[in-house]
Amino acid sequence: MEQDSVYEDGARLPLGDGEIFLRRIKNRDEKHIRIYKKRTENGRVLLCMASGIENNGEAYRMAVKKWLREYAREELGKKVRVFADRMQVKVNRIAIKEQKTRWGSCSLKGNLNFNWKLQERTR
């Protein structure tokens, strides 16, 4: 599969326990890519990518990656709070990174590091 085809309209991306469908929306903004999540009437979850930028796979990749990192920060943060309460431990800081060999780590100071790809479903 060609790298840019991952970001074509209708592409399926793994997310959490399921998947999200990419919806490309053409507009006049040739400098920015706006990404947002939307649920259709039939329950399908879309990751909308609105932009006038054409044929720039790297820009598409970076925009989707940024959105996925923020999504991971929110979702993992919620889970950390639940488990920290259950375990009665204090979490100092949560960092979302892109480690090559780890899914996560922690320090004695209560700092947690997670790989943003944890939100992708493993196939």
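## Charges over aromatic rings

In this predicted model, Arg86 lies over the face of Phe83, at 5.0 Å from the ring centre, where a charge is said to sit over a ring if NZ of Lys or CZ of Arg is within 6 Å of the ring centre and within 35 degrees of the ring normal. A second case involves Arg44, whose charged end sits over the ring of Phe21, 3.6 Å from its centre.

Local features need a pLDDT of at least 70 and side-chain atom pairs count only at pLDDT 80 or more, while totals for chains, interfaces and linings use all residues of this predicted model. Residues are numbered from 1 along each chain as its sequence is written, and side-chain values use heavy atoms, with hydrogens and water left out.

## The chain as a whole

The secondary structure of the protein chain comes to 1 helix and 7 strands; helices (H or I, at least four residues) and strands (E, at least two) are DSSP runs, numbered from the N terminus. Read from the N terminus on, the elements follow the order β-β-β-β-α-β-β-β. Along the principal axes, the C-alpha atoms fill a box of roughly 50 × 30 × 30 Å.

Of the 123 residues of the protein chain, 36% count as buried, where buried means under 20% relative accessible area, exposed means over 50%, and partly exposed lies in between (1.4 Å probe, protein chains only). Among contacts (heavy atoms within 4.5 Å) between residues at least 6 apart in sequence, 42% join residues at least 24 apart.

How do β3 and β4 pair, and over how many bridges? They pair in the antiparallel sense over 6 bridges, with Arg39 standing opposite Val45 in β4 and Arg34 having Ala50 in β4 as its bridge partner. These two strands form a hairpin with 5 residues between them, and Gly43 in the turn has a positive phi of about 90°.

## The sheet of three strands

Another open sheet has 3 strands in the order β5-β7-β6, again with mixed pairing. Its edge strands are β5 (93-97) and β6 (104-106), each of which pairs on one side only, and the twist averages 15° from one strand to the next. Helix α1 (residues 57-87) packs on this sheet as well, touching β5 and β7, and its direction makes about 145° with that of β5.

The pairing of β6 with β7 (residues 111-115) is antiparallel and runs over 3 bridges, and Ser105 stands opposite Asn113 in β7.

## The nonpolar core

In soluble globular proteins, nonpolar side chains tend to be buried together. A nonpolar core is a set of buried Ala, Val, Leu, Ile, Met, Phe, Trp, Tyr and Cys residues joined through side-chain atoms within 4.5 Å. The largest such core here has 24 residues, among which Ile20, Ile35, Leu47, Met49, Val64 and Trp67 touch the most other members. At least two residues of this core come from each of β1 (12-15), β2 (18-26), β4 (45-51), α1 and β7, and the largest share, 9 residues, comes from α1.

Leaving aside neighbours within four places in sequence, the contacts of Ile20 include Leu13, Val45, Leu47 and Trp67.

The structure holds 1 aromatic pair, and rings of Phe, Tyr and Trp (its six-membered ring) pair if their centres lie within 6.5 Å, with planes under 30 degrees apart counting as stacked, over 60 as edge-to-face and the rest as tilted. The rings of Trp67 and Tyr71 have centres 5.2 Å apart and planes at 20°, so this pair is stacked. Both residues lie in helix α1, 4 residues apart, about one turn of the helix. Trp67 counts as buried at 15% relative accessibility, and Tyr71 counts as buried at 15% too.

Lys65 is also found in helix α1, and is buried with a relative accessible area of 16%. Not counting residues up to four places away in sequence, Lys65 touches Glu98 and Trp116; Lys65 and Trp116 are 51 residues apart in sequence and 8.9 Å apart in space, C-alpha to C-alpha.

Key: Two strands pair if DSSP finds at least two bridges between them. Axes are lines fitted to C-alpha atoms, for helices over the stretch in contact, and angles run from 0 to 180 degrees between N-to-C directions.
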